Amino acid sequence: MRVMAQIAMVMNLDKCIGCHTCSVTCKQTWTNRSGVEYAWFNNVETKPGVGYPRRYEDQEQWKGGWMLDRRGRLVLRSGGRVRRLLSLFSNPDLPSLEDYYEPVTYDYDNLVSAPAGPDMPVARPRSVLTGKPTSITWGANWEDGLGGAPENAGGDPNLGGDWAEKVRFEFEQTFLFHLPRLCEHCLNPACVSACPSGAMYKRVEDGIVLVDQDRCRGWRMCVTACPYKKVYVNHATGKAEKCTFCFPRIEAGQPTVCSETCVGRLRYLGLLLYDADRVGEAASTPDEKDLLDAQRGVFLDPRDPEVIAAARASGIPEDWLEAARRSPVYDLVMRYRVALPLHPEYRTLPMVWYVPPLSPVLDAVDAAGGNQDDPDHVFAAVTRLRIPLEYLAELFTAGDADVVGGVLMKLTALRSYMRERTLGEAGDEAALRAVGLTPGEAEDLHRLLAVAKYADRYVVPAAHKEDAAALTAMENRCPVESSGDPQPSDGRRVMLGIPTLRRAPASPEGDPA
Amino acid sequence: MSAAPVPLAAASGAELLLWVAVPYVCLAVFAVGHVWRYRQDQFGWTSRTSQLLEHRWLRWGSPLFHLGAFMVIAGHVVGLAVPASWTEAVGVDEHTYHLTAVWAGSVAGVAMVAGLGMLCARRLLTRRVRLGTDRSDKVLFPLLSATVVLGIAATAAHNVFGAGYDYRSTVSVWFRGLFALQPQPEAIAGAPLLFQLHALTACLLFAAWPFTRLVHVWSAPVGYLARPYLVYRSRSGAAVPAPGGGVPRPRSGGHGSGGRRSGGRTGSRA
Ligand code: HEM
Ligand code: SF4
Ligand code: SF4
């Protein structure tokens, strides 16, 4: 057993109102620079919908993630090492800018500088890339709220099965939800594995996946390999950039910007301990539908004395172990098992999980003339209404509708039980028992899902003391340095204005303290 | 350089300047420039891919150009660095050499010219790519094109359509002399103008090399073939062995969690 810690995220999708605050604050923090105008480290897409970049979930086309070859070995879908090197000169599976969208700005100046006249001056859109006036024909969430869905949403790669035909024509009446997405900081990151120069890496301490800007050589293989298309080429610098999980904040014990600013307060951050030795085995699980359990099998119980001993042996500090025991992510993923990974079939073992939305089912109950508040109606819908269920299963369980159904039943039982309790009634414990919850657990889960405060949603242990010098030294620096900025006088490039840590490199066994 | 005083003394001042001073200065800039850039500008050390902005021309142009370039480089190694006596010693006579050189050279040359033509065309004609062209590109592309075109022109004029010119006993001798530190400017002084111009633009290209995107050539990621798939690093920047065994390359710079600096801030876009 080799214990590693990861800071992971869970999102409760029922609460997402699709306001895009997370995307905008993320953009203002990380990608408001030339070269990445088109990139959204965090984006919110409407589901069903084609996604951003267009149809990114269609791995037949984009070749992202891992698959099992004929002999059952885990291989990157974009091909082996030799093939990757041979396609360096032109990457055959790289999305083009049109697959994202052409970024624009507006002629704001015209609003103030237009001469007096009978017409109201307007700010016309202008391409950021060519500087020419342009018309806006696509965006990162073009079919927001199913606008334009009849033309576009049929392109959703998750609408593949025979049941999908029906959805295509009916979903406008039945359901829609928002899916906020960011880099999954996978346990088995395809991007890292595909990077020819070894510039991408996963941090041992907190599992954050980063691109070393000094070692990236612009081979752009990571973009293809990531099945979530969450690595972006900066076309100004020629290097790859991706979601950093706001590591400077995380190191300081603060939540990511997208979490901090989430209007729906639906994001949870916490530690998960996992056994790094079992990652490869779990990712090679033969049946896609077993991947969810296989990944759960890699996570370790932070209360298990054996795990604690092994974690200490790998140098995980005590306060981190304590944080792991208080982790809301562990509770949602492992204890209550209501959170599910996005597209486990990509085999990257993603680490941003989702509590699937009950709203599509509730909408369907309404549409069928049922009563949302009657658990029997909802249970019946969960078991009989295939459309939203199969769709959610495509997203979260590699097509296993029973698992999604189970989670939705749990949420339904919880909802009706707590509703009765709030109304001062006893509460129907039989429904709870049917989904494997005790009344105490129900109260606890309800508290976590519905009323958890800041400190309960974000349990982020600060980076360790040895790093403190480096962290405080960055306080009065500008966090992003331009390639044209003057070099520091000692001639060393310092990334993000954060000084190099002077302490000895951690030993492979992990550092003590 | 003192080893061959006689020929050097016999060379005119202009010959000395063009065929001894210029090449050595260019080579020095090439060497020192690389060391300087590698140490100072890891962040700028990239192929500066433009595939995102334009992919239809690049799809064909880049592989054609690179394939041609590799063949052309191989050809130059054989033609310039290996003396004729060596190839003859392994049983390749002048006629066979000439035939192979002309044929393989033509294929390589055509691929390289066609590829470079496409790359230049997209750079000029695609507005997005043109706007992303920086000063170093504005030096690199003309210089590279001039070198390639002059090389092809010299070969075509003298060896494909012309009477045949044995550069191996002139240009190659000069080239090897430079590296043997026994410069022989007179060896190339009598060569046809096209060969001389090709040699000169090549020297300039080498001088410009470290300051352009051509530095990506030295980062050819062959190590990828042997590396473990997953790369772990500790927050302090140290490489950590992957659980599956195998040791990733250690970090040299120790820039902590790389990826922190995400690029340049260029002011407002509004
Ligand atoms: C050693 C192996 C090499 C590799 C792996 C390699 C790879 C690449 C890659 C990935 C690009 C970026 C293409 C894009 O825009 O997406 C590129 C561009 C380029 N390479 Fe290479 N290259 C190699 C060798 C060379 C050599 C030997 C030369 C010429 C002497 C060369 C000249 C160029 C030029 C001029 C460009 C710019 C193309 C453009 O943007 O128009 N490369 N190379
Ligand atoms: S989601 Fe993030 S960690 Fe996973 S493959 Fe994509 S970029 Fe890499
Ligand atoms: S800020 Fe929260 S509620 Fe708003 S779109 Fe993002 S995840 Fe959804």
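Mentor: Start with the metal site. Donors are N, O and S atoms within 2.8 Å of the metal (3.2 Å for Na, K and Ca); water is not among the atoms, so sites may look incomplete. This is a predicted model, in which local features need pLDDT of at least 70 and side-chain atom pairs count only at pLDDT 80 or more, while totals for chains, interfaces and linings use all residues. Residues are numbered from 1 along each chain as its sequence is written, chains are lettered from A and ligands numbered from 1 in the order in which they are written, and side-chain values use heavy atoms, with hydrogens and water left out.

Trainee: What is the geometry at the iron atom of ligand 1?

Mentor: Ideal angles for six octahedral donors are 90 or 180 degrees. Six donors count as octahedral if opposite donors are over 155 degrees apart and all others between 65 and 115. The iron atom of ligand 1 has 6 donor atoms with angles of 85 to 180 degrees among them, and its site is octahedral.

Trainee: Which residues coordinate the iron atom of ligand 1?

Mentor: His66(B) and His216(B) do, each through NE2, at 1.9 to 2.0 Å. The two lie 150 residues apart: His66(B) is in helix α3 (residues 56-81) of chain B, and His216(B) is in the loop between α10 (193-208) and β1 (232-233) of that chain. Helices (H or I, at least four residues) and strands (E, at least two) are DSSP runs, numbered from the N terminus.

Trainee: Are His66(B) and His216(B) buried or exposed?

Mentor: Buried means under 20% relative accessible area, exposed over 50%, partly exposed in between (1.4 Å probe, protein chains only). Both His66(B) and His216(B) are buried. Across chain B, buried residues make up 47% of the 270 residues. Chain B has 10 helices and 2 strands.

Trainee: How many disulfides are there over all chains?

Mentor: A disulfide is a covalent bond between the sulfur atoms of two cysteines. The test is a pair of cysteine sulfur atoms within 2.5 Å. The whole structure has 0 disulfides. Cys222(A), for example, is in none, and the nearest cysteine sulfur, that of Cys195(A), is 6.4 Å away. Cys222(A) is buried, with a relative accessible area of 6%, whereas Cys19(A) is partly exposed at 37%.

Trainee: Which residues are closest to ligand 3?

Mentor: A residue is near a molecule or strand if one of its heavy atoms lies within 4 Å of it. Ligand 3 is surrounded by 14 residues, the closest being Cys16(A), Cys19(A), His20(A), Cys22(A) and Cys262(A).

Trainee: In what sense do β10(A) and β11(A) pair?

Mentor: Strands of a sheet pair through backbone hydrogen bonds, either parallel or antiparallel. Two strands pair if DSSP finds at least two bridges between them. β10(A) and strand β11 (residues 239-242) of chain A are antiparallel, over 4 bridges. Val233(A) stands opposite Ala240(A) in β11(A). The two strands form a hairpin with 4 residues between them, and Gly238(A) in the turn has a positive phi of about 75 degrees.

Trainee: Why is strand β7 of chain A largely enclosed by the rest of the structure?

Mentor: β7(A) (residues 177-181) is largely enclosed because 5 of its 5 residues are buried. Phe177(A), Leu179(A) and Arg181(A) point one way from β7(A), and His178(A) and Pro180(A) the other way. Strand β2 (residues 43-47) of chain A pairs with β7(A) in the antiparallel sense over 5 bridges, and Asn43(A) stands opposite Arg181(A).

Conventions:
Tetrahedral: all angles 85-135°; square planar, octahedral: opposite > 155°, others 65-115°.
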